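Let us walk through this structure step by step. Keep the model in view as you read.

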Amino acid sequence: MDSTAQGLMNRDVQGHWVRLETLTRVRWLAASGQVVALLVTHFLFSLDFPLALCLSVVGVSAASNLLSAYVFPRTKRLSETEALLTLLFDTTQLALLLFLTGGLNNPFGLLLIAPVTIAATALTLRSVLILGGAAVLLASLLAFAFEPLRTEAGDPVLMPDLFRFGFWIALVIGIGFIGLYSRSVAAEKHALTEALLATSLALAREQKLTDLGGVVAAAAHELGTPLATIKLVSSELIDALDDPDLAEDARLIREQADRCRAILRSMGQAGKDDLHLRHAPLEAVLQEAAAPHTDRGKVIGFDTGAADGRMPEIFRRPEIVHGLRNLIQNAVDFAASEVWVEAHWTAAEVVLRVIDDGPGYPPHLLARLGEPYLKNRRWDEPRDESRPEYEGMGLGLFIAKTLLERTGASVRFGNCTDRTRPRQAPDRRCGALAEVRWPRRAIEADPRRALGENTPIDKTKT
């Protein structure tokens with residue numbers, strides 16, 4: 001999917017976030033409050049204004065609620081245009097009510113900010129600007145054109161011009177500031193939600209691949225003995241049969257049994273959820289994570305030497321494999337020719353480093369690495385038109401960081417220095433560095449622990 005199609009899809013999805021029932025419920029609340037405010041003002045404070053006309057304006061809002069409830073189902077979700085028109089209607093209705101009750105002399109003029117705030121949290125920037133502009137325009141008109149509230153003696157209730165001008169300024173600034181603030185918070189929340197969904201999908205995919213491999217590995221284990229028996233019996237038949245045709249058939253049976261064993265052995269390499277393979281040496285897990293990227297034209301070197309004691313056996317959790325795979329993929333994508341995957345451990349922790357010989361991370365983005373949807377590409381280089389949707393960083397690093405931190409790791413991104421050069425090539429130029437640290441107890445498996453019997457895959461996990 002190219003970037004244009006992705007953008008259109010995002011806009012379409014965003015425009016259908018708002019349910020009609022939600023806006024209808026808010027409008028009923030607003031209409032109830034407006035009726036109470038009108039009645040209290042007229043009868044309790046004895047202020048004179050066209051009450052019947054004001055109640056008619058509120059009645060239009062109530063009628064639109066009833067009409068929408070009759071025409072549309074409760075599950076109706078508004079498109080971008082429908083939501084914008086609904087909020088424009090509410091803003092205009094409120095402005096007309098304010099016009100009949102003193103304009104900006106009415107303190108309830110502050111409520112003009114409410115529709116803009118709703119739009120900022122649910123609609124696109126274009127719709128927010130349209131609604132915000134309409135609210136500012138109506139507020140400006142209400143500052144000069146309105147029907148004043150009057151006392152029983154007929155005297156108009158007016159604020160001094162300076163206070164009314166100050167209220168107008170505060171209202172305009174409030175529309176802009178609260179709209180911008182609400183949109184910034186909502187945009188960050190939506191981006192994080194989408195990124196977490198992508199993380200969950202990536203983890204689910206890795207888990208399914210692991211479970212599928214576990215089924216194959218279990219089948220290979222269980223079928224090993226019958227296939228060996230078939231091969232043995234067929235070999236004896238070949239020697240015992242005098243009929244050449246029957247001997248040839250027995251030879252074919254033996255060859256096909258060998259072929260079945262080879263196929264099962266090959267398929268079993270795709271994943272290993274057999275209890276005997278739920279943990280593996282650290283280096284084996286690193287090689288498994290890097291396997292999809294070993295044939296992409298970059299050299300991937302592994303260094304697990306110069307460590308303290310025996311290499312730890314760690315759990316082969318999908319989060320670990322997929323998280324490390326994303327870090328290695330990011331390094332391979334931007335390496336000039338080589339990537340180094342280093343590991344060392346102590347009695348307390350296990351440390352992994354993924355280093356490439358590319359230009360490194362942009363310094364101005366170092367503090368933000370691990371956040372989703374960074375728009376800047378990783379290096380100042382021409383955009384790769386063969387992959388127009390690929391920004392080079394952001395979501396992949398976010399997924400890796402999120403998955404690895406679920407396993408108890410701390411993840412740090414940076415650029416190489418003289419002290420952090422790869423051990424295998426201390427004189428080589430290096431660029432980006434991703435470092436993962438686990439407390440050893442968080443990922444280490446005890447190879448001496450009794451494994452028990454293999455159990456069927458629990459499909460409810462995925």
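Helix α10 covers residues 318-334, which gives it 17 residues. From its first C-alpha to its last, α10 reaches 25 Å. That is close to the 24 Å expected at 1.5 Å a residue. The model is a predicted one. How many residues of α10 are buried? The count is 16 of its 17 residues, so α10 is mostly covered, with buried meaning under 20% relative accessible area.

Now turn to the aromatic rings. A pair of such rings is described by two things: the distance of the centres and the angle of the planes. Centres within 6.5 Å make a pair. By this rule there are three aromatic pairs. One of them joins Phe 177 and Tyr 181: the ring centres are 6.1 Å apart and the planes are at 20°, so the pair is stacked. Both residues lie in helix α7 (residues 161-240). They are four residues apart, about one turn of the helix.

Tyr 361 and Phe 413 form an edge-to-face pair. Their centres are 6.2 Å apart, with 80° between the planes. Where do the two residues lie? Tyr 361 is in the loop between β7 (349-356) and α11 (395-406), while Phe 413 is in strand β8 (residues 410-415). The pair therefore ties together parts that are 52 residues apart in sequence. Tyr 361 counts as buried, at 4% relative accessibility. Phe 413 is buried as well, with a relative accessible area of 11%.

How values were computed
Residues numbered from 1 in each chain as written. Predicted model: local features only at pLDDT ≥ 70, side-chain atom pairs only at ≥ 80, totals over all residues. Heavy atoms only, no water. Phe/Tyr/Trp six-rings, centres within 6.5 Å; stacked < 30°, edge-to-face > 60°. Buried < 20%, exposed > 50% of the residue type's maximum accessible area, 1.4 Å probe, protein only. Expected span 1.5 Å × (residues − 1).
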